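Biologist: Please walk me through this structure, feature by feature. Give me the general idea, then the case at hand.

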Amino acid sequence: MRLCPRAFSILRNLVAVVKKPTLNPLRRGVSGVAMRLVQFQQNGGGVRVGVEHSEGQGVVDLKAFDPSMPSTMRELLELGDKGLECARRALSSGQCVLQRSDIQLLAPILAPEKVVCVGMNYRDHCLEQNVPIPEEPIIFSKFPNALTGPYDNIVMPAESQEVDWEVEMAFVIGRRGKHIKEEEALSYVAGFTVANDVSARDWQMKRNGKQWLLGKTFDSFCPLGPALVTTDSLKDPHNLALRCLVNGEEVQSSNTNQMIFRTAALVAWISQFFTLSPGDVVLTGTPPGVGLFRNPPIFLKKGDVVECHIEQIGSIINKVV
């Protein structure tokens, strides 16, 4: 049987689709392109969204490139593929570039609907405390007021004498979902960033019925940044070195391969209970080395400088005031 030219063309395209290789699910985020997205201010102006050329380099002002684009990361993520495609074009254009010295980086997400945290999620952290490995994720929360920028100050509250550090990898939700299947979960993740889950241990461990919330959510208790690194930018988010330094001395050093419940499992688990929305932030747990479990315990004091670093994502540096 001979095919007419049009039928032959259709058949050839179908074969091409079938032969197209399947994407690695670890690389299939909502962006579809590798980018480092940031939020910033210039000369005390309003919030803007930008795209870094590379870590620490110039930033493309997305709204200057396309005035129809929104001014916040949450709104950009709510646009879905349209917003991220515009960010990709802006990055490729080489236009509307601002020097890092001329802007102030903010937390990559401001005023999220939710800040979800996972406790006891590193095997080596459980061993440090001599406690069993959890059989299901331990979930708590911070309020959005805790979020602060990657280089902003951590404000020591007068109500606590036991403020501690916790370097954590965080991820940001890119699209709305409920009851998300684990095999599809990474497609709901916009990207990853660095967090410090600052914790008032006296309120977390001794006060208010030993509920964790109050000890976790003082103002400025969640430095975040420096960028939202899209999922496609990371070869494997669960094989990244992370560490924390206080006044230049390393206090935490581990790898995200120590996570008990990884990103996809966490998205699937927490989406059973509530709908995830674009811009929601999820902190994935901390490795050993926190001040509470040192002998004797060590806590932050005014003047201390805390640096949290994650390989391929970046560093946040915050002074305690």
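Biologist: How many residues does helix α4 have, and what span does it reach from its first C-alpha to its last?

Modeller: Ground rules come with that. This is a predicted model: local features need pLDDT of at least 70, side-chain atom pairs count only at pLDDT 80 or more, and totals for chains, interfaces and linings use all residues. Residues are numbered from 1 along each chain as its sequence is written, and side-chain values use heavy atoms, leaving out hydrogens and water. Helices (H or I, at least four residues) and strands (E, at least two) are DSSP runs, numbered from the N terminus. The expected span of a helix is 1.5 Å times one less than its number of residues. Helix α4 (residues 81-93) has 13 residues and reaches 18 Å, close to the 18 Å expected at 1.5 Å a residue.

Biologist: Which residues of α4 are buried?

Modeller: An α-helix has 3.6 residues a turn, so residues three or four places apart point the same way. Buried means under 20% relative accessible area, exposed over 50%, partly exposed in between (1.4 Å probe, protein chains only). In α4 the buried residues are G83, L84, C86, A87 and A90. They lie on the same side of α4 because they cover an arc of only 155 degrees around the axis. That arc is taken over the directions from the helix axis to the C-beta atoms.

Biologist: What does the face turned away carry?

Modeller: The exposed residues D81, K82 and S92. Just after the helix, G94 takes a positive phi of about 75 degrees.

Biologist: Which elements do the buried residues of α4 pack against?

Modeller: Contact means heavy atoms within 4.5 Å. The partners are strands β1 (36-41), β2 (48-52) and β3 (59-61), plus helices α2 (62-65) and α3 (73-78).

Biologist: Now the backbone. Where is the peptide bond cis, with omega near -5 degrees?

Modeller: Most residues other than glycine have a negative phi, and most peptide bonds are trans. The bond from G225 to P226 is cis, with that omega. P226 sits in strand β13 (residues 222-230). Another cis bond joins N295 and P296, with omega about 0 degrees. P296 is in the loop between β16 (281-283) and β17 (305-310).

Biologist: Is H179 exposed or buried?

Modeller: H179 is exposed, at 54% relative accessible area. Its phi is near 50 degrees, positive in a residue other than glycine. H179 belongs to the loop between β10 and β11 (189-196).

Biologist: Where is N208 found?

Modeller: In the loop between α6 (201-205) and α7 (213-216). N208 has a positive phi of about 55 degrees, though not a glycine. At 39% relative accessibility, N208 is partly exposed.
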